[in-house]
Structures are given as C-alpha cells and as structure tokens.
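Have a look at the structure, then read on.

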Amino acid sequence: MALPLLVLVHAWAVLGAFAGLSPPGGALVTEPALLVAAVLFWLPVAARSRHRLDDPGRCLHLFLATPLLDLPAVAVVAAGRSAQGLAVIVGMLPVDVAAAAVTWSWVNREERQAREPALPMPGGDPLAR
C-alpha cells in the first residue's frame, strides 16, 4: 500500500500545478500529504518492526519506486521545465542510493551465511539415521 500511495501523492504534488489539480492551499496541502506518504513508504524499508520487509522485498520495494517516482519529473521536463524536472529527479536519488545499499547488504549477508559452516543439529542429524 505504501508504494502506490507515495507514487500517487508524489505525482499529484509534482504535476498538480500543470494539470490544474492543485488544491486551494497549494503547497500547504500537498507537502504535508507528501511527507506522510513518504514516511509510510520508508517504514517497511527502514523500521525495525513487524512491518519491515525481508531483504528481497525491500529491494523490490525500492527498485520499483525509482522509475515510478521519476515519471512525473520526466513529464515536467517534457513540458519544457527542465530545471524543475531535473530537481525532482535529483531529489529522488536517495531512493536509488538506498536500493543499492540494501541490495549490497543483502548480497554480503547471503555470501557470509553461505561461507559459515553449518551448526550441528541438537540430537544429531535426523537424515543420518
């Protein structure tokens, strides 16, 4: 739920002015909504709670978010406002960095676990009987 919510709120905040969908309060309404959606987006990735995704889930969550969050910025660039569109794309770079870091951490953890010798099972190996 967090990823689609952030994608929709982000697109609304970025493209609202171009499409005439800006609320009467403008940024006073869209920015708090975007902040709430962003916090909900990062909870399954960063929070140490029961809602945290496993390593493959966190990688997928972040790698799917990257192009989806850049699409509104591409539309802004296509509309002739390249500086604003590039600013949005650069603003989304922490998602890319986090995706790379989570993937690197996952790969290193998998390799470390593969190199560790298997611990003996209590009571012996049931397959050896």
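Which residues make the nonpolar surface patch of about 510 Å²? The patch is built from Leu5, Leu35, Val36, Val39, Leu40 and Leu43. Helix 2 gives the largest share, five residues.

Some ground rules: this is a predicted model, where local features need pLDDT of at least 70, side-chain atom pairs count only at pLDDT 80 or more, and totals for chains, interfaces and linings use all residues. Residues are numbered from 1 along each chain as its sequence is written, and side-chain values use heavy atoms, with hydrogens and water left out.

Now for the charged pairs. The structure has three salt bridges, meaning a side-chain nitrogen of Lys or Arg within 4 Å of a carboxyl oxygen of Asp or Glu.

| Salt bridge | N to O distance |
|---|---|
| Asp55 and Arg58 | 3.0 Å |
| Arg109 and Asp55 | 2.8 Å |
| Glu111 and Arg115 | 3.9 Å |

Asp55, Arg58 and Arg109 link up in a network of salt bridges. Arg109 sits in helix 5 (residues 93–115) and Asp55 in helix 3, so this pair ties together parts that are 54 residues apart in sequence. Asp55 and Arg58 are three residues apart in helix 3 (residues 55–78), which puts about one helical turn between them. Helices here are DSSP runs (H or I, at least four residues), numbered from the N terminus.

How covered are they? Asp55 is buried at 15% relative accessible area, and Arg58 is buried at 7%. Arg115, by contrast, is exposed at 64%. Buried means under 20%, exposed over 50%, and partly exposed in between (1.4 Å probe, protein chains only).

Technical notes:
Patches are made of residues with over 30% relative accessible area and no salt bridge: like charges are joined within 9 Å, nonpolar side chains (Val, Leu, Ile, Met, Phe, Trp, Tyr) within 5 Å. Accessible areas come from the Shrake-Rupley method with a 1.4 Å probe; for residues, only the protein chains shown count as cover. Helices (H or I, at least four residues) and strands (E, at least two) are DSSP runs, numbered from the N terminus.
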